[in-house]
Amino acid sequence: MNDSKGDIDNAVTVRNVYKNYGDVEALKDLSLDFPRGQLTSLLGPSGCGKTTLLKIIAGLLPATSGDIQVNNQPVTGPGPDRAFVFQDFALLPWANVMRNVAFGLELRGIDRSEREAIAETYIANVGLKGFENSFPHELSGGMRQRVGLARALSVDAEVLLMDEPFSAVDEQTRRKFQEDLLNLVKNENKTFIFVTHSIEEAVYVSDQVALLLARPSRVSEVIRPEGFRHKDANSIRRDPEYLDIVDRIWASLRTYVE
Amino acid sequence: MSSLILWGLLWEIVGQLELTFFLPPLSAIFTTLMEIGTTKVFLQALADTGYAFFIGTFSAIIIGIPVGILMGKNRFIDELLLPWVNMFLSAPLTALVPVLMVLFGFGMKSIIITTALFAIWIIVLNSRAGVMQINRSLIEMARSFGASPKDAFFKIYLWAALPEILGGVRIGFIRAVKGVIIGQLLISIVGFGALFELYSSNFLMKHFWAVLIVLFAIAFTIAEFLAHLERRVEYYAARR
């Protein structure tokens, strides 16, 4: 795809977006591009509006002004081209894993046998085979987030919006998730938008890290960690470029922490 | 259940001691119950009372749950209706019964409305409370996957609020037992209300207690059944 903006094909573009809560400016003149098929992290201190931006892209919150486009279509509300993974999983506690994973399809009116067949594949993909009839309260935090992920994958949206998806799971599970996410980006032809407050996590999983600064939030820097993308999951954490970028981001952020 | 047996035994002993005419032995009451239980008068009273009771509570549930859910979802509706709900919940509804008689006549209609009025407010309040504690992200989840308002209502709100709703329905049923008897006593002397009136004014204490025990058994059974349903949703009530 070649257009006037250059040869990068963006799945999502955000242009001059403002978001005010009463007198508080949460987002101020924020513009950012999300290249198709890549993972972009929104990284920043808490309260910097990264979740707000994600929810605006999801169509869950209206922007005060500005232009948000997904596949060159303006966003007016939630749509089937986007799927959301929630920080607190947002599973139906009264429904088993099968129904939870198929719930997005259920809301889209897909009939039962078809949606359960699709859900079954994704349940297996996220490693929950055999837990189809378990209920969320019988699962660990990590397993619950796998259910949330399978639900988002099974609607086959082009854009996956992830709101600190790994922050409520323990550290070991989190590392495993990050590795799985790298494979997911590689194998699924989807665009990922990933909110996190962990610098290491952002640099580890992202093709592009957007550094957001707080109140009113704007993009201060876009970093593309490219040198180690082709390396295998285990050696990334020891890669000099990885460590450099982590240090650089920390240097930018530390002034905002004090 | 075992405490019921204990109190029943105590009652029997006090009754056998013949301390007061007010309290005949429990066994004598049951004998009387067997006698009157099959009479036409009793069965007619049971049918009248049951009819008013079930129509009344059914209306209270059908109206009360959606109203409560709407109040929990919508702040405007909530602010509009909450003062009234709170007022009627604590109001002495018995004092309103004469007004109902003027409005709706001296028949079954007024009794049914009285029953519904006793039951509905707690059902509304509990449904409202159930909706208000729903996890926000469940609602966002439903929206993000494109849920229609109808889907959101039946697949999210109703289920997420179900533990509180069932609690409200259970208390509503118990209050409706009061409502139906008060209605029958005050509006027109029919059903169990008429039997109470008849037996107590003639000092037929055995008969009086027999009817009361039947009423108690019905209320107890319904309450236990609903408590059973509540336990069935307990597994998710604490983890929403």
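**Chain B and its interface with chain A**

**View 1. Contacts within chain B.** In chain B, 77% of the contacts (heavy atoms within 4.5 Å) between residues at least 6 apart in sequence join residues at least 24 apart. The model is predicted: local features need pLDDT of at least 70 and side-chain atom pairs count only at pLDDT 80 or more, while totals for chains, interfaces and linings use all residues. Residues are numbered from 1 along each chain as its sequence is written, chains are lettered from A in the order in which they are written, and side-chain values use heavy atoms, without hydrogens and water.

**View 2. Helices of chain B.** Chain B has 11 helices and zero strands, taken as DSSP runs (helices H or I, at least four residues; strands E, at least two). Its C-alpha trace spans about 70 × 45 × 30 Å along the principal axes.

**View 3. Burial and charge in chain B.** Of the 240 residues in chain B, 46% are buried, meaning under 20% relative accessible area (1.4 Å probe, protein chains only). Chain B carries 17 positive and 13 negative side chains, with the centres of the two sets 10 Å apart; Lys and Arg count as positive, Asp and Glu as negative, and His and the chain ends are not counted.

**View 4. Interface of chain B and chain A.** Chain B brings 20 residues to the contact and chain A brings 26 residues. The buried area is about 2000 Å², 66% of it from carbon and sulfur atoms; this is the accessible area (1.4 Å probe) lost on putting the two parts together, summed over both.

**View 5. A salt bridge across the interface.** The rule (a side-chain nitrogen of Lys or Arg within 4 Å of a carboxyl oxygen of Asp or Glu) finds two salt bridges between chain B and chain A. One salt bridge joins the side chains of K155(B) and E106(A), at 2.9 Å from N to O.

Note on methods
Buried < 20%, exposed > 50% of the residue type's maximum accessible area, 1.4 Å probe, protein only. Charge placed at Lys NZ, Arg CZ, Asp CG, Glu CD.
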